[in-house]
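Hi,

Here is the structure I said I would pass on.

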Amino acid sequence: MKAVILSGGFGTRMRPLTYTTPKPLLPILNKPMIRHVIEQLPDPVDEVILAANYKIDMLRDYFEEAEVGLPVRVVDEPKPLGTGGAVKNVEEYLDETFFVINSDIISSIDLDEYLEFYKSKEAVGAISAWEVDNPEEFGIFELNGKNKILRFQEKPEPWEAFSNTINAGHYILEPEVLDMIPPGEKVSMEDEIFPLLVDDGLYGFEFQGYWVDCGRPSSFFEATETLLDYIGEENLIGDRSFVEGEVKENTVVGVDCTVGKSTISRSILFDGVEIDNGCTIENSIIGYDAIIEDDVTVKDSIISDNTYLEDGQEIVGKKIKPDEVD
Ligand code: GDD
Ligand code: MG
């Protein structure tokens, strides 16, 4: 069985970090988010197909080096084709029931159970289901008592939201669904295909535990907190990192970082960050290899890779872009 992982898109909500790193490779607990997804795949999956375009070479390089326990085929999409077009673009590798999974989801879903659920239904497809308070940011659907999806709508206006049950981003589909997608065109699975599948047998699989879409800065922190909580740690310090100051709860320090006599709280430092003395870093993400000199305050901000912040600056509520981006 194959698992297609949707790994394209520009990750605009995660800018400025995604100017230099494709969203699937942004680290959650010092591991690319896509790797959390791959490690969750059940035994029947024997190959991962990455449907990618933006910064595809970085994805290729990562999977050439990393040992993820499964063969990963990175397939180029000549231009972003949307979630439906992306799956159509890898059709040649799909000849039986397959998974499609968003690369930015951190969750406790049991994909083996999901597959068993799917097999027990007369279905052409299934969507994982989660309950939220803000359904307008997602795709929503209504289920009947037998978990059959009665209607599906992507990103409803708040007043249109007929349900709090959202598409949690894991699909099981039959190859015949691909016949509904025109080749080479930009097609949204959620807008254009799911509403059409409702009459053919589309089911929703509910699960317990946790679920976070890490594609927004706020949820990037939420995913970090959720996973730290899950492993029972207050914070995480990466290998070969040296910390003299104070690292408070819900903070992740990447590998090869140096932190002087400074205080870091509810923040995420990517690998290779240097923070000197007297700094306060709060509720912020600091990109790869950034250097922060003495007595700098960074609050509620996102700092790009390789940024250099001189002594004494105050950065509050800002997104600092990389030098090469206007
Ligand atoms: N290959 C490819 N090509 N992948 C893409 C493209 C594309 O053109 N556009 C987006 N993707 C990938 C993203 O990398 C992500 O893994 C996934 O498709 C979904 O795109 P997002 O941009 O993250 O969508 P979203 O978060 O706004 O909404 C989607 O996910 C929600 C759950 O988190 C929808 O599927 C919603 O219905 C769903 O509720
Ligand atoms: Mg998303």
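Strands β24 (residues 291-292) and β27 run parallel and are joined by two bridges. One pairing to look for there is I292, whose bridge partner in β27 is L309. These strands belong to an open sheet of five, in the order β15-β18-β21-β24-β27, with parallel pairing. β15 (242-243) and β27 (308-309) are at the edges and have a single partner strand each, so one side of each has no neighbour in the sheet. Before you go further, please bear in mind that this is a predicted model.

There is another open sheet, this time of six strands, ordered β14-β17-β20-β23-β26-β29 and also paired in parallel. Its edge strands, β14 (235-237) and β29 (319-320), each pair on one side only. Inside that sheet, strand β23 (residues 285-286) is linked to strand β26 (residues 302-303) by two bridges, and the two run parallel. I286 has I303 as its bridge partner in β26.

In soluble globular proteins, nonpolar side chains tend to be buried together. The largest nonpolar core here has 41 residues, and L41, L50, F63, F99, Y114 and W211 are the ones with the most contacts inside it. Helix α4 (residues 111-119) gives the most to this core, five residues.

β11 provides the largest share, with four residues. Sorted by class, the lining of the largest pocket has eleven nonpolar, 15 polar and twelve charged residues.

The second largest pocket comes in at about 270 Å³. Of its 13 lining residues, K31, H36, Y210, L227 and Y230 are the closest to the centre. Both β7 (105-107) and α6 (217-231) supply at least two residues of the lining. In this second largest pocket the lining divides into seven nonpolar, four polar and two charged residues.

Most residues other than glycine have a negative phi, and most peptide bonds are trans. Which peptide bond is cis, then? The one joining R15 and P16, with omega at about 5 degrees. P16 is in the loop between β1 (2-6) and β2 (27-28).

Two residues other than glycine have a positive phi to look at: N250, near 60 degrees, and D256, near 55 degrees. N250 is in the loop between β16 (246-247) and β17 (251-253), while D256 is in the loop between β17 and β18 (258-259). N250 has 22% relative accessibility, so N250 counts as partly exposed. D256, at 37% relative accessibility, also counts as partly exposed.

Cheers

Note on methods. Residues numbered from 1 in each chain as written. Chains lettered and ligands numbered in written order. Predicted model: local features only at pLDDT ≥ 70, side-chain atom pairs only at ≥ 80, totals over all residues. Heavy atoms only, no water. Nonpolar A, V, L, I, M, F, W, Y, C, P; charged D, E, K, R; others polar. 1 Å grid on protein atoms, 1.4 Å probe; cavity = no way out; pocket = protein on both sides within 12 Å on 5 of 7 lines; lining within 4 Å. Points joined across faces, edges and corners; volume = space filled by probe spheres on them. Pairing = 2+ DSSP bridges. Core = buried A, V, L, I, M, F, W, Y, C linked by side-chain atoms within 4.5 Å. Buried < 20%, exposed > 50% of the residue type's maximum accessible area, 1.4 Å probe, protein only.
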